[in-house]
Amino acid sequence: MSLYSQDDERAIRVQRLVEDWTKSGLLVEEQRTRLLPELKVDLRRTNRFLRATMFLFGYLILSSLTGLFAVFMNISESAFIWMSLFGAAVTFAAAQYLVKHYRLYRFGVEESAAIAAATFFVIFAATVLSSDFSTVTAFAAATVASYVLFLRFGFVYAGVAATLLAPMAVFDYAETDAVRRLIAAIVLLTIFFVARERRQDHDPDFPSDSYAAIEAVAWAALYLVTNLKASAWLASVDDVPQFYWATYVLIWILPAAGLWFAIRDRHRLMLDVNIVLAIATMLSNKPYLGAEPKPWDPIVFGLMLIVVAIGLRRWLASGPNGSRAGWVPHRLLASEKAGLAMAGSAAALVPGAPAAHPQEGPAIGGGGRSGGAGASGTY
Amino acid sequence: NLYLAALLILSAMAIYLGVRYQRFAFVAYGTLYAYGAVSIRILGALQEPLVSMLYFVVTGTLVVIALVVLARRFGRDE
């Protein structure tokens, strides 16, 4: 099904590992020099910045070409529907041509053609059966299109998009929020177990890494639809106490179960995701219980995380050979250190603690800025 | 006009230095900002949707060709 051979995909992944291991000091330069020629592939690749720029311009060109065609041909509204299907077929063929003829791999241009094909297909599907734009059909078509792109071109982001779009079709279809969330959870749980099975079939070779990403995203999305406080923006919650408290229990169970899966399978992405979900659960606890947030909550929470991190690190380091069951307390790879640094920088964007209640100045004197009858409470 | 001139000079510098020191984020920044700035001025003068779309097709193609040539000569794989 895929346009790229499994050998090429594996070679590219091993190349990345060799570069990462060399930067991390696990391989010396001579070993790297000896390994890389055996991993050469006959594919044209580029760096992520040029790739992103070429994707943007590629998409711009295709959208403008479509608009030009529609204006030149004086397309009516009904003809536009079939033009969308034609556009989907042409751009999909163009993407395949670019890969087969020019041997492009994540080059941006063929990706823009593939994404444009998915966009046109969604427009066609959403408008062909009814005069109004059907969002249910649009989401379903987007899911199918994304999955096809994942299978044909190996775009992991397309697989992730398919995972996130599949439950969205349900959200637009069902009437009651509890029913919507239940059906979405079933869809996501199904995707999780199918991806998990496919990952285990191929572990540790390609395409296990792609299915690992889908597995982790499906689990995170399952948590999101379960956590009523974190996903209040998604849909207004029904006033059903049993459902409310069942989700409260589940938001504690899901991260714990996810961590168990992750540790058992040595699934790094799943481990990272479930650590974040566990933090989200602790942050959702007070809103769920209706307790008032206090200004010192972030401080206490941060201190608790520091204590847990230090305790876990010391426990791992105290094991035989400084590890426990192969788990070590320090980062081995340069890529992981870079990821951690980025996460640390992102922490600067976290909003501050809830503001304290402003204290009014005394009735007599009216307060003052520096000394006098009393200063204001906000600072 | 002074602002546009300054932006184009800085974009050209970003592209040149990005290629020279193999920091392709700056090539991308320079290309996008320069293209955006020039396009806003030109589209403001064009007014016609048909001509505007033709502009995007032609200039977009030229930019993609230039980036492909750049990628083949200088772009390292990541």
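In which kind of crossing does H8(A) pass H9(A)? In this predicted model, H8(A) passes H9(A) in a left-handed crossing. Helix H8 of chain A spans residues 177–202 and helix H9 of chain A spans residues 208–226. The two helices pack with their axes 8 Å apart and at an angle of about 160°. Because angles over 145 degrees count as roughly antiparallel, H8(A) and H9(A) are therefore described as roughly antiparallel to each other.

The contact draws on residues from both helices. By class, the contact of H8(A) with H9(A) comprises 16 nonpolar, five charged and two polar residues.

Chain B contains three helices and zero strands, and its pattern along the sequence reads α-α-α. Its C-alpha atoms fill a box of roughly 40 × 30 × 15 Å along the principal axes. Of the 78 residues of chain B, 36% count as buried. Among contacts in chain B with a separation of 6 or more, 49% are accounted for by residues 24 or more positions apart.

Notes: Residues are numbered from 1 along each chain as its sequence is written. Chains are lettered from A and ligands numbered from 1 in the order in which they are written. This is a predicted model: local features need pLDDT of at least 70, side-chain atom pairs count only at pLDDT 80 or more; totals for chains, interfaces and linings use all residues. Side-chain values use heavy atoms; hydrogens and water are left out. Axes are lines fitted to C-alpha atoms, for helices over the stretch in contact, and angles run from 0 to 180 degrees between N-to-C directions. Helices (H or I, at least four residues) and strands (E, at least two) are DSSP runs, numbered from the N terminus. Angles under 35 degrees count as roughly parallel, over 145 as roughly antiparallel, 65 to 115 as roughly perpendicular and the rest as oblique. A crossing is left-handed if the near helix is turned anticlockwise from the far one by less than a right angle, and right-handed if clockwise. Ala, Val, Leu, Ile, Met, Phe, Trp, Tyr, Cys and Pro count as nonpolar, Asp, Glu, Lys and Arg as charged, and the others, Gly among them, as polar. Buried means under 20% relative accessible area, exposed over 50%, partly exposed in between (1.4 Å probe, protein chains only). Contact means heavy atoms within 4.5 Å.
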